[in-house]
Amino acid sequence: MDDDIIICRCEEVTLEEIRKCIEAGYATFDEIKRLLRVGMGPCQGRGCREIVLREISRATGVPLEKLNPGTFRPPAKPIPLRLLTEEGEGD
Ligand code: FES
């Protein structure tokens, strides 16, 4: 894959930036998230988390299923703000 390709579209983080983090020793999703803001955009990582984890797996040799997927913060799914303000309405 081309190093210039954007992996996190929300925060405009490229594959090269992610690879440099991993080369510098940051090998968890949360560490890379704190450094580059991947997973902190409006989609909350739904567009990039899996790709970043695959890159960590490829670079470190740790199987994907053994990697910590990182911290998820609510709401895990985007919801309209009005749902938080309307007591007893909606689902
Ligand atoms: S694509 Fe990375 S946070 Fe949305």
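**Labels and their grounds**

Analyst: This is a predicted model. The protein chain has 4 helices and 2 strands, and from the N terminus on the order of its elements is β-β-α-α-α-α.

User: What makes the protein chain more spread out than a compact globule?

Analyst: The globule rule gives 12 Å for 91 residues, whereas the radius of gyration is 15 Å; that is well over the rule, so the chain counts as more spread out than a compact globule. Along its principal axes, the C-alpha trace spans about 50 × 25 × 20 Å.

User: What share of the residues counts as buried?

Analyst: Of the 91 residues, 20% do. The label requires 20 or more other C-beta atoms within 10 Å.

User: Is Arg37 exposed or partly exposed, and why?

Analyst: Partly exposed: Arg37 has 14 C-beta neighbours inside 10 Å, and the label covers counts between the exposed limit of 12 or fewer and the buried limit of 20 or more. The place of Arg37 is the loop joining helix H2 (29-36) and helix H3 (49-60).

User: What is the phi of Arg37?

Analyst: Positive, at about 75°, although Arg37 is not a glycine.

Notes:
Residues are numbered from 1 along each chain as its sequence is written. This is a predicted model: local features need pLDDT of at least 70, side-chain atom pairs count only at pLDDT 80 or more; totals for chains, interfaces and linings use all residues. The radius of gyration is taken over C-alpha atoms; the globule rule is 2.2 Å times the number of residues to the power 0.38.
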